[in-house]
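Me: I'd like to learn how to read aromatic pairs and chain interfaces in a model. Could you walk me through them?

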Amino acid sequence: MEHIDHLKVFETKIEQDINIEAKDWMPDDYRKHLIRQISQHAHSEVIGMQPEGNWITRAPSLRAKKILLAKIQDEGGHGLYLYSAAETLGIGRDELIQQLHDGKAKYSNIFNYPSLTWADIGAIGWLVDGAAIVNQVSLQRTSYGPYSRAMVRICKEESFHQRQGYEIMAKMMAGTAAQREMAQDAMNRWWWPALMMFGPHDTDSPHTGNAVKWKIKRQSNDTLRQKFIDKTVQQAEVIGLTIPDPDLKWNEEKKSYDHGEINWNEFREVINGNGPCNRQRMSNHIKAHEEGEWVRKAASAYSNKQKLRVSQ
Amino acid sequence: MTHQEALLTLTLRLGDDPLILGHRLGEWCSKAPILEEDLALTNMALDLIGRAEVILRYAAEVEGKGQTEDDLAYRRGERRFYNHLLVEQPNGNFANTIARQLFISAYESFYYTELMNSKDATLSAIAHKAIKEIKYHLKHASDWTIRLGDGTEESHHKMQEAINELWMYTGELFETDDIDEQMSESGIAPLPAELFGKWKSLMIDILSEAKLSLPDEGFMQTGSRQGVHTEYLGYILADMQYLQRAYPDAKW
């Protein structure tokens, strides 16, 4: 009977929008769902450092280099809060990283695309972080307390990221013909993958059911995607970029944009490991982790020696 | 040499060290042994690029030819760069990066402490801000030197190797030429040679706590005061200056 009471308390809290906290009882599936989602989110922040890190040494001005360095550090910091949020559910960072390396845990598909030119740094900040914000703003109201609070903090920094990305694009669109071409090319390559970040259409989304019932997920994939499109189209127009979708048009009746069909075949291929950078991203992460093992061992050996010295 | 020429060379020397070291530390992004260190190394890179920016801006002002800090960073050729050879050395393994940081941050901690008293108001203000960052960089590097030196057998060996390999680039930090003499006489900057005693005694303290040995003085590499570098600098600049060189009319 104890068990049923726990479930009831849990469900009542969900119903009344009271956060679930780390020490509260929760159904196993709720815990599993959160671990999967939070770790995927954490890994995305960390793997996302790679395409941007690719341009640190080549950033075209000292100011741009500083901004990029600061932004990438924020992403790494987000990874840290999220790993900590996952740890409150009883799983350690080492295990989460192992799951990533074994291919059991995923990260956002978007980071399997390459950052080829400086304009890609603009497009990542503006479109990729812009799409992430829409999702994360919605997650500020997610039912698990530690995750919700991590989102509040992360959202503040992400809006700065989006502005810096947009500023890069705006500067390039106001620049030389070569810069404008570079910016439009980045737009063409990143637009569709950015729309895919919201996941499959609601009718095809395998994880939506329980996540909605438990208020982990507050808005559907298609609702969030639509919000992103509606706020981004005008931003593109202001600086003279064209959205690479011939079917995009304003729908007066629903007061939002209709858009063309997303290439779900490409989406599935990239998820299944066939994106342009899947192998590269994962092998970089594994290599750094393996090459750093002696350092981590040394740090823990030193700390054990210190403890021993203190106790003697 | 006129006062202005000497001051220009001094500011380029002071600006190029953080510019090139910041570049090297930025290369660690997504490659560090643990996420916290990835953040620490790129955070130091950010401090260094910020310092390079203000010093090179001042250098451009001293030069008086209408250039900006970006022109000096992105359009100057390798024979006109004056960073120490130490800071352009490759990251190597984590121990190499830590040894490089230990040597330079310890040196800078003494140099910038003196520079705070500079009669040049701009350099004095820059030094007041930089010293806080430098002290943190030094603490980070010395903590890791001790952890690695007194960690496992493997880490001890790697840390000692790194100290030994980079040692020959430390002599240059204390080279003192006519420009330094002139700047010291005007009360603008300290004489590097005078900092050697303090630096060495700090190295002795840290390395002994780390159970590492101090290498013999030995042969010291030289050249950067005249803009003569190791082969590594050319590649750093090729990378760093690529966009500015490929699109000379563009503003970013």
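**Aromatic pairs and the interface**

Reply: Gladly! Over all chains, the rule counts 23 aromatic pairs. Rings of Phe, Tyr and Trp (its six-membered ring) pair if their centres lie within 6.5 Å; planes under 30 degrees apart are stacked, over 60 edge-to-face, and the rest tilted. This is a predicted model, where local features need pLDDT of at least 70 and side-chain atom pairs pLDDT 80 or more, while totals for chains, interfaces and linings use all residues. Residues are numbered from 1 along each chain as its sequence is written, chains are lettered from A in the order in which they are written, and side-chain values use heavy atoms, without hydrogens and water.

Me: Why does the pair B:Phe103 and B:Trp199 count as tilted?

Reply: The ring centres of B:Phe103 and B:Trp199 are 5.9 Å apart and the planes stand at 55°, so the pair is tilted. B:Phe103 sits in helix α5 (residues 94–115) of chain B and B:Trp199 in helix α9 (residues 196–209) of chain B, so the pair ties together parts 96 residues apart in sequence. Helices here are DSSP runs (H or I, at least four residues), numbered from the N terminus.

Me: Is B:Phe103 buried or exposed?

Reply: Buried means under 20% relative accessible area, exposed over 50%, and partly exposed in between (1.4 Å probe, protein chains only). B:Phe103 is buried at 0%, and B:Trp199 is buried at 0% too.

Me: How are the rings of B:Tyr107 and B:Tyr111 arranged?

Reply: Their centres are 5.8 Å apart with planes at 40°, so B:Tyr107 and B:Tyr111 form a tilted pair. The two are four residues apart in helix α5 of chain B, about one helical turn, and both B:Tyr107 and B:Tyr111 are buried. Ring pairs link a cluster whose members include B:Tyr112, B:Trp167, B:Phe174 and B:Phe196.

Me: Now the interface: what area is buried between chain A and chain B?

Reply: Interface size is often given as the accessible area lost when the parts come together. Here that is about 3,900 Å², with carbon and sulfur atoms giving 69%; the value uses a 1.4 Å probe and is summed over both parts. The contact (heavy atoms within 4.5 Å) takes 44 residues from chain A and 49 residues from chain B.

Me: How many salt bridges cross the interface of chain A and chain B?

Reply: A salt bridge needs a side-chain nitrogen of Lys or Arg within 4 Å of a carboxyl oxygen of Asp or Glu. The rule finds four across this interface. B:Asp150 and A:Arg309 meet in a salt bridge, at 2.9 Å from N to O.

Conventions: Buried area is the accessible area (1.4 Å probe) that two parts lose on being put together, summed over both.
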